[in-house]
Amino acid sequence: MIIAANLKTNLTREKTAKYISEVESYVRKNSITSEVFVFPATSSLTSHTGAVVVGAQNAYPTINGAFTGEIGYEQLEEFGIKTILIGHSERRHLLGETQEELIKKFNFYKELGFKIIYCVGEPLEIREAGFETMMEYISKQYEGIDVTYENLIIAYEPVWAIGTGLTPTSEDIVAIHAELKKKSLAPILYGGSVKVTNAKEVLALDGVDGILVGGAALYAEHFCTMCEYAQELNK
Ligand code: PGA
């Protein structure tokens, strides 16, 4: 399974270092066999060798250059980062990244062999328009993306479930993941209000290969508990 923490714009560099070392020692002590990823804020990126893989929440599709406020491959390479989140709903909807821009980013980091967690998911009004409309919307987010890329992981994250405490029903998650499994062989994570209290249930669902956790992953202890659940399920 794959257990990923998206720390978003939280924690300082010092707190992130402590977080990663706590998760690392938990994963080692408990012989966790899942792949465990942590995505810190850009200023907290660090070289980490061990069981935990540190990835970037975002980067510009460039080696380096004049892109004020952005980082590129050169800055990731310094820390040995080879994993990136692309298409997170906050980047699509709050920062206005278009599908065209995401495709460029995807292709750039694919060429460099990065492991890519590519996020898809629908806003509430699309969900309310029915299953077919919802799947059409999500299909558009697959356009231009190489679904056969061997280092691809998909994260299905309904926009209305992110940070809201709302989640789809288990039946919905199973049905949507089953549809998405038809599009590619990549593992599919569920994300959106996963917490210690529902993580085990979500992880156990058919077609769920892991979780991408935001708010509830901010405490290393909670995130470690979720890693333990994955281990117990031994999927
Ligand atoms: P959340 O965020 O767990 O806080 O809902 C998930 C995500 O945005 O990846």
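**A walk through the predicted model**

Let us begin with a charged pair: E97 and R91 bring their side chains together in a salt bridge, with N and O 2.6 Å apart. A salt bridge here is a side-chain nitrogen of Lys or Arg within 4 Å of a carboxyl oxygen of Asp or Glu. E97 is buried, at 13% relative accessibility; buried stands for under 20% relative accessible area, exposed for over 50%, and partly exposed for values in between, using a 1.4 Å probe and protein chains only. This pair belongs to a network of salt bridges that links R91, E97 and K105.

A word on the model itself: it is predicted, so local features need pLDDT of at least 70 and side-chain atom pairs count only at pLDDT 80 or more, while totals for chains, interfaces and linings use all residues. Residues are numbered from 1 along each chain as its sequence is written, and side-chain values use heavy atoms, with hydrogens and water left out.

The structure holds twelve salt bridges. Another of them joins E24 to R28, at 2.5 Å from N to O. Both residues sit in helix 1 (residues 13-29), four residues apart, which is about one turn of the helix. Helices (H or I, at least four residues) and strands (E, at least two) are DSSP runs, numbered from the N terminus. Are the two partners buried or exposed? E24 is buried, with a relative accessible area of 7%, whereas R28 is exposed at 54%.

A further salt bridge connects D209 and K181, whose closest N and O atoms are 2.5 Å apart. D209 is in the loop between helix 8 and strand 8 and K181 is in helix 7, so this pair ties together parts that are 28 residues apart in sequence. Both ends are partly exposed: D209 has 24% relative accessibility, and K181 has a relative accessible area of 32%.

Strand 6 (residues 152-156) and strand 7 are parallel partners, joined by three bridges; two strands pair if DSSP finds at least two bridges between them. A155 has L189 of strand 7 as its bridge partner. Together with helix 7 (residues 170-181), strands 6 and 7 build a right-handed β-α-β unit. The chain then crosses from strand 7 through helix 8 (residues 196-204) to strand 8, and this β-α-β crossover is right-handed too. Right-handed says that, with the strands pointing away from the viewer, the path from the first strand over the helix to the second runs clockwise. Strand 7 and strand 8 (residues 210-213) run parallel and are joined by three bridges, with L212 in strand 8 as the bridge partner of G191.

Look along strand 7 (residues 188-191) and you will find I188 and Y190 pointing one way, L189 and G191 the other way, and all of them buried. In a regular strand the side chains alternate between the two faces of the sheet.

Next comes the packing inside. The largest nonpolar core has 64 residues, and Y19 and F223 have the most contacts inside it. Such a core is a set of buried Ala, Val, Leu, Ile, Met, Phe, Trp, Tyr and Cys residues joined through side-chain atoms within 4.5 Å. Helix 9 (residues 220-233) gives the most to this core, with seven residues. Beyond its neighbours within four places in sequence, Y19 is in contact (heavy atoms within 4.5 Å) with residues including L7, L11, V38 and F223. A second, separate core of eleven residues includes F39, L85, I153 and A155.

Rings of Phe, Tyr and Trp (its six-membered ring) pair if their centres lie within 6.5 Å; planes under 30 degrees apart count as stacked, over 60 as edge-to-face and the rest as tilted. Y73 and F114 form an edge-to-face pair, 5.9 Å centre to centre with 70° between the planes. Y73 lies in helix 2 (residues 73-77) and F114 in the loop between helix 4 (99-111) and strand 5 (115-120), so the pair ties together parts that are 41 residues apart in sequence. Both of these residues, Y73 and F114, are buried. The rings of F108 and Y109 have centres 4.9 Å apart and planes at 75°, so they too are edge-to-face. Ring pairs link Y73, F108, Y109 and F114 into a cluster.
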